[in-house]
Structures are given as C-alpha cells and as structure tokens.
Amino acid sequence: MTIEVSGKSYETDEEGYLANLSDWNLELAEAMAKEDGCDLTENHWEVVNFLREYYDEYQIAPAVRVLTKAIGKRLGKDKGNSKYLYELFPYGPAKQACKYAGLPKPTGCV
Amino acid sequence: MSDQEASQTSGVIKKFLYVNRRAPHGSNYAQEGLEVALIGAAFEQDVAMAYIDDGVFQLKTDQDTSEIGTKNFSPTYRALGDYDVKKIYVERESLEKRGLTQDDLMPLVYEDEDDDWEEKPMINLVTAAELQDIIEQSDVVLNF
C-alpha cells in the first residue's frame, strides 16, 4: 500500500503504518489523520510527539497501558487516562497515534 | 490492545519466565524473546526474565550494531520497567565465565508507582542453583 501526499508517494503496510520511519513528516501525519476523518489538534500532537520521543529512546512503540501510564507521568493524571486518550484517538490511542507518528504498530498490540 | 481484549485476558495471571541463552545480534532469538516478553507483560501477566550462557551479553552496555547493519534494539530493555517487568535474573556463573561483572550490564531500573516513582534496580545476580528454583516456581517457561 502507499499514501500520496503533495505528489509524493510513501510506502505503508496493509494497515496504513509507514514502512520507513525516516519518511515521516508533519504533512504526512496530517494526511494520515485526514484519511481517518481526524483533525489533529494540539492535544493530538502532544501524544504523537510523545510517542516519537519514546520510540527514539527505547526503539519500540509502547502498548496502550504503558502509553497511558507514561503520559500520566509526563502530562498529568487528567491526560494519562483511557477516557481522555480514547476521546482523542477513538481507534485506540496507541494504535492510532503510532500510525500518525510514523511508528510501527505498538509492541503488545495483536 | 483494546479495552475489550484487556477484560478478556484479566482474571488468570500466570508466572511467565523467559529464559534467554543466546548472544544478542547473531540471530533473531534475543529480539524475539524480548518482544514476546513485552507482549506477555502488556497482557498483565507476571513476567520475569532470565539470562544465562551467552544470553548475558544481551544486557551488555554500549552495544553498537552499526557495522553489522542490524537494528540496535538494546535500548528496548530499558522499557521493560514501563511494562511492569521488575524481575531480571542473571546467572552469576555465566557472567563470570565470560569475564563480566554487573558493572558491564546496563543499569536497568523500574519506577515504583507506589513509591513516588522512585527508580529501583531490576537486575538480580543469582547462582545456577537459585535459578533452578526460580524456573521450578514458574508456571510457564519459554526458551529463546
């Protein structure tokens, strides 16, 4: 599969996750979100950027439970809970946000 | 993992022990073993890791795979604590036979949520005899 952004095409897997981490850019994230009918707000970006930093440090995309706990620690309990994160990312916070972050599917998601 | 999946798996919690015996980068075993352990932990199982024989090299500090063209996944061991894996057993004899000490291993820690996120060490050096007991006390033992 591929996704087209500004005349360039990027390779993805069958679920729409970017094949090459290094292809990622802001415009691509927005295009992926738009395909899901999702407009990225500042609150979305906070999570997407957090995931990119997490991957950079640990070389994995965290499972949703790990993400929730880590967000709680970084951004406070009002954001580190399932309700808040599922409202932002209804398809599953780790799965959906990792996709926009250009990361593989989270480790622990089957 | 969805909420639904999480509720289906809650209930039965088994003691899993992942026994890692091979050097980190010559084969896929080390990386696969780590990923499977993280998946088990994400399903809220009681997960412990054991490192014996050449497996002790997996925890070595300063790994660099740039010359062999594979991914250096060693930073992922530092995520074990985030997945609530808190027990790592390293066989003392294996370490000594390879001229290594605990100072050659990554200082892995987990943050104790119930103790103001204090960082606590995860690596325990154990003798072969102690490890045998740990294996016997586990419900599921998987070798990598």
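This is a predicted model: local features need pLDDT of at least 70, side-chain atom pairs count only at pLDDT 80 or more; totals for chains, interfaces and linings use all residues.
Residues are numbered from 1 along each chain as its sequence is written, with chains lettered from A and ligands numbered from 1 in the order written. Local features need pLDDT of at least 70 and side-chain atom pairs 80 or more, while totals for chains, interfaces and linings use all residues.

**The core**
- The largest nonpolar core holds 54 residues, and A:L51, A:A97 and B:A50 have the most contacts inside it.
- Such a core joins buried Ala, Val, Leu, Ile, Met, Phe, Trp, Tyr and Cys through C-beta atoms within 7 Å (buried: 20 or more other C-beta atoms within 10 Å of the residue's own; exposed: 12 or fewer; partly exposed: in between).
- Helix 2 of chain B gives the most, with six residues (helices are DSSP runs of H or I, at least four residues, numbered from the N terminus).
- Leaving out residues up to four places away in sequence, A:A97 touches A:V47, A:V48, A:L51 and A:F89.

**A helix pair in chain A**
- Helix 2 and helix 3 of chain A pack at about 105°, their axes 11 Å apart (axes are lines fitted to C-alpha atoms over the stretch in contact; angles run from 0 to 180 degrees between N-to-C directions).
- Helix 2 of chain A is therefore roughly perpendicular to helix 3 of chain A (65 to 115 degrees).
- A:E46, A:V47, A:F50 and A:Y54 in helix 2 meet A:A70, A:I71, A:R74 and A:L75 in helix 3 of chain A.

Key: Helices (H or I, at least four residues) and strands (E, at least two) are DSSP runs, numbered from the N terminus. Two residues are in contact if their C-beta atoms, placed from the backbone, lie within 7 Å. Angles under 35 degrees count as roughly parallel, over 145 as roughly antiparallel, 65 to 115 as roughly perpendicular and the rest as oblique.
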